[in-house]
Amino acid sequence: MSRVALSLALVALACAGSKDSAQAPAAAPESPAARFARDPAAVDRGRRIFIGTCGAYCHSTHDVERDAPSLFDCEWKHGGSDEQIFAVISDGVPGTRMPAWKGALPEGDDDIWRVVAYLRSASTCKGGVTGAH
Amino acid sequence: MKNVFVWLVALGFAWGAAAVGVAEEKEQPAEIQLPPVPTHWKAEKPVGTSAGPVTPDMLRASQIPADRWIQYGGNYRNFRHSPLKTLTPESVKKLAVAWAFPTGTVGQFEASPVVYGGVMYVTSSYNRLFALDAKTGELLWRYDHKNAENLRLCCGPPNRGVGIAGDLVIMGTLDAHLIAFERKTGEIAWNTEVANYASGYSITSAPLIVGDLAVIGVAGGEYGVRGFFDAYDVKTGKLAWRHYTVPAKSEPGTETWAGTSYERGGSPAWTQGAYDPETDTLFWTTGNPSPDWDGDGRAGDNLYSDSLLALEPRTGTMKWYFQFTPHDVWDYDGNTQIFLVDAKYEGKPRKLVVQANRNGFYYILDRSDGKFLKATPYLEQVNWATSIDDKGRPVVNPDALPKEDAKFRTCPSNLGGMNGSFTGALNPDLGLAFIPSSEACQVYSKGISAFKEGLPYLGGLPDTVDATAGKAYGNLAAIDVATGQVKWRYRDNRPMMGGVLSTAGGVVFSGNLEGEVLAFDAKTGKVVWRFRSGGGMRSQPIAYLLDGRTYVAVPTGSFSTMDSFAAGVTKVPEGGTLFVFALPK
């Protein structure tokens with residue numbers, strides 16, 4: 001019985017610790033991509049932007065690596081957070097064919113976030129997400 | 001070559017100095033300043049001096065002598081047909097490597113070498129230009145162009161060769177310059193900016209020399225540029241004229257573009273044309289309108305995209321035009337190789353211009369006035385149009401139009417058919433044109449795009465369903481030039497995307513993406529020789545005769561991204577190597 005008591009005490013302690021830690025740092029704000037991900041119309045607009053702007057001779061719609069990398073395998077060369085993906089689309093990658101798209105899409109930053117939401121929705125993470133941070 | 005020695009000495013000195021520094025001052029390791037990489041090695045003494053300047057008369061010859069190859073297209077008619085009778089279906093079995101040369105670059109090695117005065121001038125991807133002894137391969141001079149890092153390239157870094165005029169060889173660059181070099185020394189004679197590359201322009205083609213003008217066009221159809229081709233004074237590099245391929249406000253032709261869509265209408269001119277000395281007519285062809293796969297914002301025929309233009313070469317003034325694919329929404333650039341051929345058409349001698357168009361149809365026109373005569377499919381799979389009507393206008397299949405939720409498998413793929421990045425050849429004795437092609441279909445989708453200068457402006461994409469599924473293949477077809485009838489086909493496992501050489505001895509040379517150089521019997525299509533080069537063949541082969549010995553030069557090396565796009569993922573590595581074969585003495 002003493003083992004049971006000890007276990008209960010540890011669980012209580014763990015819960016208390018969990019509560020304490022949840023209160024300490026504020027939760028990270030939701031990225032616009034996560035918000036768009038819940039809106040099918042926004043995800044579809046992201047898809048259509050990808051088709052009209054990002055595919056063709058650059059990124060394949062299939063999980064195929066060209067000189068422009070696949071964006072559907074969850075392997076991110078320049079960071080895999082929503083914000084990092086947004087930054088790459090927005091600012092481009094010097095020394096590669098990836099240009100800066102900031103200010104180039106019809107609805108500005110929101111359209112870039114919609115593309116991020118679409119990429120998330122269409123990806124198959126066979127090997128987990130790399131480059132998350 | 002002295003420069004190399006100087007840099008090696010400098011490098012050695014830097015290392016030595018650094019080593020001493022480290023020994024004496026361990027607290028503060030010295031930083032080694034490497035010397036900048038040299039980019040230009042001039043000839044130690046003039047080369048190719050046995051021959052005088054290349055004259056307009058030399059370029060006008062209908063059959064250029066076998067000791068030289070001085071036109072990208074072989075001659076002004078673009079036949080790429082060597083007069084050498086030594087290269088026969090039997091003799092080619094004795095071909096052996098005489099020498100080889102690495103470019104040190106990756107990406108498509110698409111050049112047609114030029115040979116003159118015993119010197120070969122060949123360009124690689126990323127605009128390296130090499131002058132080589134055409135018999136031994138010895139490097140005589142070299143120039144590596146320092147391209148910008150942020151080039152605007154849709155489809156890789158190729159260059160297809162130099163033009164040669166007087167004592168100059170002239171190369172266009174990926175950052176849209178035109179540079180002339182003294183052929184004997186490699187000294188730069190002039191360097192002219194054709195366009196601001198950052199706006200979406202590049203040059204991949206070899207210039208066409210007509211009289212004292214070098215004619216060159218730009219790429220940029222995937223960037224919404226305003227397409228054009230220029231003529232420059234060969235001696236000075238000064239612009240003589242510019243011919244825009246899209247009209248400006250209030251000019252005739254704007255009525256074929258909805259609203260102001262002509263302002264970003266593309267229609268580049270990234271391949272070489274042809275010249276008819278008899279009528280003093282320059283022929284040039286144009287590429288796709290922008291954006292490629294969404295025509296909703298540019299309703300109309302979109303002149304002068306996907307067209308053949310006939311012009312006055314001194315002024316660039318247009319005589320007539322013919323548009324192959326009005327309102328193109330598939331990326332069917334109208335700029336594959338044109339042949340100027342005199343043949344009997346329906347029993348009567350005619351001066352024809354013929355073309356295996358990227359859209360899958362073989363066109364026959366009267367080149368004196370541009371009158372459309374006939375178009376027939378030369379591919380095994382064509383369904384974007386059901387036919388070409390009697391005025392030369394395609395009858396479009398509505399199912400084949402790009403859609404937002406596309407499912408229809410449209411043929412050919414956006415790469416063609418044939419494609420302007422590689423040549424065909426024409427044997428006038430047999431009356432056959434030899435046309436390499438891709439047999440692949442795609443699902444064309446349209447999406448959202450917005451124009452911003454210098455950024456891709458695509459409007460959609462072709463889903464490479466056949467290539468991804470491993471179903472894309474290729475043919476080399478022999479086409480009766482006066483009827484369009486296919487006489488024979490050689491089938492390859494992957495699209496045929498290498499150029500062609502024909503010989504008077506009855507052989508056709510080309511190659512495949514698997515890394516083989518191939519020779520065919522021109523009459524039957526039977527493979528009579530093959531050589532495993534190891535690199536995908538995307539170049540334009542040539543033949544020449546020096547000191548009684550017959551040579552065949554074949555650049556090899558492909559670009560994995562385009563291979564993957566055309567034919568599915570490839571295991572063949574990149575890397576340019578020029579192979580030169582020779583018959584025994």
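Mentor: Axes here are lines fitted to C-alpha atoms, for helices over the stretch in contact, and the angles between their N-to-C directions run from 0 to 180 degrees. Please keep in mind that this is a predicted model. In chain A, the axes of helix 4 (residues 82-91) and helix 5 (residues 108-122) come within 10 Å and cross at roughly 125°, which makes helix 4 of chain A oblique to helix 5 of chain A. The crossing of helix 4 of chain A and helix 5 of chain A is right-handed. On the side of helix 4 of chain A, the residues that meet helix 5 of chain A include A:Ile85, A:Phe86 and A:Ile89, while among their counterparts in helix 5 of chain A are A:Ile112, A:Trp113, A:Val116 and A:Leu119. The residues of this contact divide into 8 nonpolar, 1 polar and 4 charged.

Turning to the aromatic rings, the structure holds 37 aromatic pairs over all chains. In one of them, the ring centres of B:Tyr143 and B:Phe181 lie 4.9 Å apart with the planes at 55°, so the pair is tilted. Because B:Tyr143 belongs to strand 7 (residues 139-144) of chain B and B:Phe181 to strand 10 (residues 177-182) of chain B, the pair ties together parts that are 38 residues apart in sequence. Both B:Tyr143 and B:Phe181 are buried. The rings of B:Phe451 and B:Tyr457, with centres 5.4 Å apart and planes at 75°, form an edge-to-face pair, in which B:Phe451 counts as partly exposed at 34% relative accessibility, whereas B:Tyr457 counts as buried at 9%.

Conventions:
Residues are numbered from 1 along each chain as its sequence is written. Chains are lettered from A and ligands numbered from 1 in the order in which they are written. This is a predicted model: local features need pLDDT of at least 70, side-chain atom pairs count only at pLDDT 80 or more; totals for chains, interfaces and linings use all residues. Side-chain values use heavy atoms; hydrogens and water are left out. Helices (H or I, at least four residues) and strands (E, at least two) are DSSP runs, numbered from the N terminus. Angles under 35 degrees count as roughly parallel, over 145 as roughly antiparallel, 65 to 115 as roughly perpendicular and the rest as oblique. A crossing is left-handed if the near helix is turned anticlockwise from the far one by less than a right angle, and right-handed if clockwise. Contact means heavy atoms within 4.5 Å. Ala, Val, Leu, Ile, Met, Phe, Trp, Tyr, Cys and Pro count as nonpolar, Asp, Glu, Lys and Arg as charged, and the others, Gly among them, as polar. Rings of Phe, Tyr and Trp (its six-membered ring) pair if their centres lie within 6.5 Å; planes under 30 degrees apart count as stacked, over 60 as edge-to-face and the rest as tilted. Buried means under 20% relative accessible area, exposed over 50%, partly exposed in between (1.4 Å probe, protein chains only).
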